[in-house]
Amino acid sequence: MTRAPIAVLAVLGAVACSRAPKPGEPLRDLAAAERAQFDSGRVVFDSVFTPEKGLGPLFNANGCKECHEDPVAGGTGDEVERHAAAFHADAVGRKCDELVGQGGFVFQNHVTPALHTALGIDSEPIPAAATAVARRTIPEIFGFGLLDAVPDSEILAYADPDDRNHDGISGRPNRFFDGRVGRFGRKALVPTLREFNDGAFSAEQGITTPAVPTEETVAGTPVPAGTDPAPDPELSDHQAELATMFVRLLAPIAPLKLSGEARQGSEVFTKIGCAQCHRPVLTTGNSPIAALRYQQVAAYTDLLLHDMGPDLGDICLALATPTEFRTEPLMGLRLKAQFLHDGRAKTPEQAIDLHAGEGARARDRFLALSSADRAALVAFLKTL
């Protein structure tokens, strides 16, 4: 049996042998000023917004913590969002329209009372031009600062868009609209953590910032006068940066100590090919924050797009076709109650079974395992 990479077991072992942060705690060994920023950022993250403080008029949640709440601030939530886009493919090529001019690609589930009175709607309508509507569950954001610190060069080193090594895996990077390498979001669109957070303030809460200073439209139409009482920007650049520092400094979920069965499962994980996409270890680059600098993180992702087959497909996004998704990080998996981008899988086994496209070979090898090896692999996943 192929042994799990020594580096992987070393990272897991180092965590197990030291006092690992609990969920919601910051990275270890922060400077005093960094810890102060983390604590101040938590206040912004925990804030509950009202229309008078900038909420809406379109929104999905009234604060960051309303979605990212389980088991603590930074975790997941039970909300399900609607995303939509239009994908067109013909002999000339493929084109993705994120419907930005019509309110997309996030279509909010809630409106403020003032907007309801003005337009008589309870949620943002999805335009007829959409070719697909996607469901999106809430991701955990523990360890996102470490993912932000991984150099583009490491992500690109794992890309093999033409499958030149003929292993059936052809991961490729998504790129933001200006060409930068993306990494955040289920389609790996957003390049940096600060942009990811600024976008969330706008798209999820209707909170404007200096980076995103204008309100979302209602399916392309500006919000009616009088429905947005708070002056823009509704959050200062300093407050937005503090919120980002809170997320940046959140520690990843520490893996549990491996039992004998789980150690066997880690070897099976590598043997059947799961690690070809769910790369066990990423290494961060240089950073002004020592706790983020040149760190190995057991992320179990390559941050690349992979084709997952038509049954899982929904919307396109920038370079990502409807069937392409970023490899989901597995760190913190044991805290999840649902899996995949839309939550359709309720167990890790169901999630594996739904892998198709580039994941089909690993799925078929999993299904061909003995019951003991399948149980061992699941036991390993439940330590992450």
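**Exercise 1. Find out whether Cys274 is buried or exposed, and which cysteine sulfur is closest to its own.**

Step 1. Cys274 has a relative accessible area of 15%, so it is buried (under 20% relative accessible area; exposed is over 50%, partly exposed in between, with a 1.4 Å probe and protein chains only).
Step 2. The closest cysteine sulfur belongs to Cys277, 9.0 Å away, too far for a bond.
Step 3. Cys277 is in no disulfide (a pair of cysteine sulfur atoms within 2.5 Å).
Step 4. Cys277 is buried too, with a relative accessible area of 13%.

A note on the source: this is a predicted model, where local features need pLDDT of at least 70, side-chain atom pairs count only at pLDDT 80 or more, and totals for chains, interfaces and linings use all residues. Residues are numbered from 1 along each chain as its sequence is written, and side-chain values use heavy atoms, leaving out hydrogens and water.

**Exercise 2. Locate the disulfide and state which parts it ties together.**

Step 1. A search of the whole structure gives one disulfide.
Step 2. Its partners are Cys96 and Cys316, with sulfur atoms 2.2 Å apart.
Step 3. The link of Cys96 and Cys316 is right-handed, with 85° about the S-S bond.
Step 4. Cys96 sits in strand E3 (94-97), and Cys316 in the loop between strands E9 (305-307) and E10 (324-326), so the pair ties together parts 220 residues apart in sequence. Helices (H or I, at least four residues) and strands (E, at least two) are DSSP runs, numbered from the N terminus.
Step 5. Cys96 is buried at 14% relative accessible area, and Cys316 is buried at 1%.

**Exercise 3. Describe the largest nonpolar core.**

Step 1. Recall the term: buried Ala, Val, Leu, Ile, Met, Phe, Trp, Tyr and Cys residues joined through side-chain atoms within 4.5 Å.
Step 2. The largest such core has 47 residues, and Leu27 and Phe201 have the most contacts inside it.
Step 3. H2 (32-45), H5 (144-148), H7 (193-205) and H8 (237-248) each supply at least two residues of this core.
Step 4. H8 gives the largest share, six residues.

**Exercise 4. Work out how helix H9 lies against helix H12.**

Step 1. The axes (lines fitted to C-alpha atoms over the stretch in contact, with angles from 0 to 180 degrees between N-to-C directions) of H9 (260-271) and H12 (371-381) come within 7 Å and cross at roughly 100°.
Step 2. That makes H9 roughly perpendicular to H12 (65 to 115 degrees; under 35 is roughly parallel, over 145 roughly antiparallel, the rest oblique).
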